[in-house]
Amino acid sequence: QVQLAESGGGLTEAGGSLRLSCAASGRTFSSMGWFRQAPGKEREFVAACFGAGGISYYADSVKGRFTISRDNAKNMVNLQMNSLKLEDTAVYYCAAGRLFSERSSDYEYWGQGTQVTVSS
């Protein structure tokens with residue numbers, strides 16, 4: 001059974017940092033990524049990481065502030081979030097699949113989500 005388990009969300013002030021982790025079990029994936037959904041908004045792409053070499057891609061809104069990384073030995077993907085802004089507040093979801101994509105429909109498996117709240 002495939003499972004994605006996120007951890008590391010929480011509350012921080014604007015300008016602070018948080019680190020999210022996602023542990024996959026049941027199989028390995030070519031592509032792993034992060035999406036987020038704020039209240040009243042659609043789920044949006046944040047970052048993705050592809051392959052053993054860790055090719056990465058970011059949404060413009062987080063580029064330069066967030067870093068995605070993979071630990072292939074542990075079948076995990078991490079998201080280091082620095083210089084957090086109020087607008088980063090959302091539920092963050094880990095996603096995994098075969099395609100390197102920013103479209104949520106291209107990911108086959110999803111975690112349960114972890115809340116990130118940035119306060120002023």
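Predicted model: local features only at pLDDT ≥ 70, side-chain atom pairs only at ≥ 80, totals over all residues.
Tyr107 is buried, with a relative accessible area of 4%.

Another of them joins Phe35 to Phe45. Here the centres are 5.6 Å apart and the planes stand at 75°, so this pair too is edge-to-face. Phe35 lies in strand E4 (residues 31-37) and Phe45 in strand E5 (residues 44-50), so the contact ties together parts that are ten residues apart in sequence. Both Phe35 and Phe45 are buried. The aromatic residues form a cluster: Phe35, Phe45, Tyr57, Tyr107 and Trp110 belong to it.

Charge also meets aromatic rings. The charged end of Arg43 sits over the ring of Tyr93, 3.8 Å from the ring centre. Arg43 lies over the face of Trp110 too, at 4.8 Å from that ring centre. Trp110 is itself a member of the aromatic cluster.

Six salt bridges are found in the structure. One of them joins Arg36 to Asp88, with 2.9 Å between the closest N and O atoms. Arg36 lies in strand E4, and Asp88 in the loop between strand E8 (76-81) and E9, so the bridge ties together parts that are 52 residues apart in sequence. Both Arg36 and Asp88 are buried.

Asp60 and Lys63 meet through their side chains at 3.0 Å, N to O. Asp60 is exposed, with a relative accessible area of 67%. Lys63 counts as partly exposed, at 49% relative accessibility. The side chains of Glu108 and Arg98 form a further salt bridge, at 3.4 Å from N to O. Both residues lie in the loop between E9 and E10, so this bridge ties together parts that are ten residues apart in sequence. Glu108 is partly exposed, with a relative accessible area of 39%. Arg98 is exposed, at 52%. Salt bridges with shared partners also build a network, which joins Arg36, Glu44, Arg65 and Asp88.

The strands include an open sheet of four. Its order is E1-E3-E8-E7, and the pairing is antiparallel. Strand E1 (3-7) and strand E7 (66-71) are the edge strands, and each pairs on one side only. From one strand to the next the twist averages 15°. Strands of a sheet pair through backbone hydrogen bonds, either parallel or antiparallel. E7 and E8 pair in the antiparallel sense over six bridges. Within this part of the sheet, Ile68 stands opposite Leu79 in E8.

Technical notes: Residues numbered from 1 in each chain as written. Heavy atoms only, no water. Phe/Tyr/Trp six-rings, centres within 6.5 Å; stacked < 30°, edge-to-face > 60°. Helix = DSSP H or I, 4+ residues; strand = E, 2+ residues; numbered from the N terminus. Buried < 20%, exposed > 50% of the residue type's maximum accessible area, 1.4 Å probe, protein only. Lys NZ or Arg CZ within 6 Å of the ring centre and 35° of its normal. Salt bridge = Lys/Arg side-chain N within 4 Å of Asp/Glu carboxyl O. Pairing = 2+ DSSP bridges. Axes fitted to C-alpha atoms, helices over the stretch in contact; angles between N-to-C directions.
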